[in-house]
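This briefing describes the strand and helix arrangement, the domain contact and the chain contact of one model. Please consult the sequence and structure shown here alongside the points that follow.

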Amino acid sequence: MTKKSITVVFFGSGPLAAKSLELLAQDFEIEAVITKASPLGHRGEVPVLNLSKKLGIKAFPVENKAQLDNLIESSHFSSDLGILIDFGIIVSQEVIDYFKKGIINSHFSLLPEWRGADPISFALLSGQKSTGVSLMLLVKAMDEGPLLAYSELSIDSDATNPSLSGELVDLSHELLKEFVPRYLEDSIEAQAQDITGREVSYSRKLTKNDGIIDWDKSADKIEHEIRAFIEWPKSHTKLGGIEIIITSGHVVPAKDTKPGNFKIDNNELLIDCGEDSLSIDKLKPSGKPEMSIQAFLAGYTGRLA
Amino acid sequence: MLYLTDKEAILVAMPNPRDMLITLPNPHLRQSSKRVGVITKDVQKTITDMEAAVIDWEDSRQHEVGVALAAVQIDDLYKIVIVRNDYDNKEDKTFKVFINPSITKFEGEPVADFEGCLSIQDIYGKVPRYPKIRVKAVGIDGKPFRITAEGFLARVLQHEIDHTNGIVFIDRIKGVNDVFYKLNEDGNLEQLDDKKVHNSRILW
């Protein structure tokens, strides 16, 4: 017996979308890729567009919701299903309804937790012990659709944005591979989001200013930021006139802290926070490569006065 | 004088495995296959050939997956069926073998859905099949086993076990309107004209 390959239209824009598409193309026939022409916050790169060319898949760049509506209205896609990952454009009901089986969004959190644009960073910022991936049927209200499947993933205490993203992309692919065929066969039912037992919360896009360290925050929070912001916007501060990016640190309990004050103690650089102190493990002085705190102190102690 | 270049000589000696497949109107497809007595080297050879035929066929088809095959489809009229272990993953080219398979129980109400056949090129039909069945068969190791199949796997096994009994899927929907489709070059299914289907000399 034979069957038609599962054919889908892929909606995605950012680097996580590109990684996901690369995996997806191994298991499904991708009829077309629809991608944001110039994704914001990704420094103008178009990873999905480049990958589509490499894979020989037809790609349609769109700038916004109106262009997406026009594209769908004027195109003929035979796929019954769309798959959307890290797309960055609001999708109208008309676009969802164009596909007989709608659009499945793989969202990188356990919904309804961390709805919105950046669920991975916000899971890291919160210090929570686990997050996950949800396969959601897209509805007009953002990130409120029912779930076809979800899976939990523990967050290691040293997880960074790229390490966690990589794990979530792989998990997302496992879920899509397993559940897209079952959904198309009508053998699974979508369930309301409360099935995950998580609380509703919202993430947003990070801004450049998020990267400026506010030493009034607790050391714990700042340590989370360092891991969440490591690719962008990066955790910046000024230390005795030297601009640095902190790439790794750990919390040291301290009382009566004076936020922003620092001391060098036994090859350790301790910065006081709103609560406890942060001991820097690795950093990048402006214009220099990343270095260990020992290397930094050896070269810069004199200038930190 | 007959003259073969090296390349042609090789082609003559080693045909594509998919060329072993027989298609309608070959009358063998409407004959019942014999039960396998002992699992001999010949049976193992048949299974290897069947697997090669499905994979080679799939490589020649852009929009389809080769899901399963019955031995009659390579013109070996024995009750042997192979089913892809993961038919949603073209990279997984492994199969499960069912020797002398039979259905011991049907459950639920038949559901119509698309199926196609390596022996009926480009035609798809909406065939009613039971959503849940129990199957008994003998494995490649000679040991009998039983499975309960649901959903698409239940459909696949009903299609293949029909083959071992000389029935092709179109026989299950003979004379029915609006259920025959053709797979076009773009991978889309287009409904076929029922008159043409019913009057076809190839299909019936």
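How many residues of domain 1 of chain A are in contact with how many residues of domain 2 of chain A? In this predicted model, 8 residues of domain 1 of chain A are in contact with 7 residues of domain 2 of chain A, where contact requires that the C-beta atoms, placed from the backbone, lie within 7 Å. The model is a prediction in which local features need pLDDT of at least 70 and side-chain atom pairs count only at pLDDT 80 or more, while totals for chains, interfaces and linings use all residues. Residues are numbered from 1 along each chain as its sequence is written, and chains are lettered from A and ligands numbered from 1 in the order in which they are written.

**Domains of chain A**

- The domain assignment of chain A gives domain 1 (7–203) and domain 2 (208–304); such bounds come from an automatic or database domain assignment.
- The centres of domain 1 and domain 2 of chain A, taken over C-alpha atoms, are separated by 35 Å.
- On the side of domain 1 of chain A that touches domain 2 of chain A, the elements giving two or more residues are α5 (119–126) and α6 of chain A. Helices (H or I, at least four residues) and strands (E, at least two) are DSSP runs, numbered from the N terminus.
- With 3 residues, α5(A) gives the most to that side of domain 1 of chain A.
- The residues of that side divide into 4 nonpolar, 4 polar and no charged. Here Ala, Val, Leu, Ile, Met, Phe, Trp, Tyr, Cys and Pro count as nonpolar, Asp, Glu, Lys and Arg as charged, and the others, Gly among them, as polar.

**Helix packing around α5(A)**

- Two packed helices are described by the angle between their axes and the distance between the axes.
- The axes of α5(A) and α6(A) come within 10 Å and cross at roughly 125°. Axes are lines fitted to C-alpha atoms, for helices over the stretch in contact, and angles run from 0 to 180 degrees between N-to-C directions.
- That angle makes α5(A) oblique to α6(A), given that angles under 35 degrees count as roughly parallel, over 145 as roughly antiparallel, 65 to 115 as roughly perpendicular and the rest as oblique.
- Ile120(A), Ser121(A) and Leu124(A) of α5(A) make the contact with Asn161(A), Leu164(A), Ser165(A) and Leu168(A) of α6(A).
- By class, this contact of α5(A) with α6(A) has 4 nonpolar, 3 polar and no charged residues.
- Helix α7 (residues 219–228) of chain A packs with α5(A) at an angle of about 150°, the axes being 8 Å apart, and this makes α5(A) roughly antiparallel to α7(A).
- In this second contact, Ser121(A), Leu124(A) and Leu125(A) of α5(A) meet His224(A), Glu225(A), Arg227(A) and Ala228(A) of α7(A).
- The residues of the contact of α5(A) with α7(A) divide into 3 nonpolar, 2 polar and 2 charged.

**The sheet of chain A**

- An open sheet of 7 strands has the order β4-β3-β2-β5-β6-β8-β9 (chain A), with mixed pairing; two strands pair if DSSP finds at least two bridges between them.
- β4 (59–62) and β9 (147–154) of chain A stand at the edges with a single partner strand each, so one side of each is left without a neighbour in the sheet.
- Neighbouring strands of this sheet are turned by 20° against each other on average, direction ignored.
- β5 (residues 81–85) and β6 (residues 103–107) of chain A pair in the parallel sense over 3 bridges, and Leu84(A) stands opposite Asn105(A) in β6(A).
- Helix α2 (residues 47–55) of chain A lies across β2 (7–12), β3 (29–36) and β4 of chain A, running at about 150° to β3(A).
- Helix α6 (residues 161–184) of chain A lies across β5, β6, β8 (130–137) and β9 of chain A, at about 155° to β9(A).

**Contact of chain A with chain B**

- The contact takes 14 residues from chain A and 24 residues from chain B.
- β1 (2–4) and α1 (15–27) of chain A each supply at least two residues of the side of chain A that touches chain B, and the largest share, 3 residues, comes from β1(A).
- By class, that side of chain A has 3 nonpolar, 6 polar and 5 charged residues.
- β1(A) pairs with strand β1 (residues 64–66) of chain B in the antiparallel sense over 3 bridges, and Lys4(A) has Glu64(B) as its bridge partner in β1(B).

Note on methods
Two residues are in contact if their C-beta atoms, placed from the backbone, lie within 7 Å.
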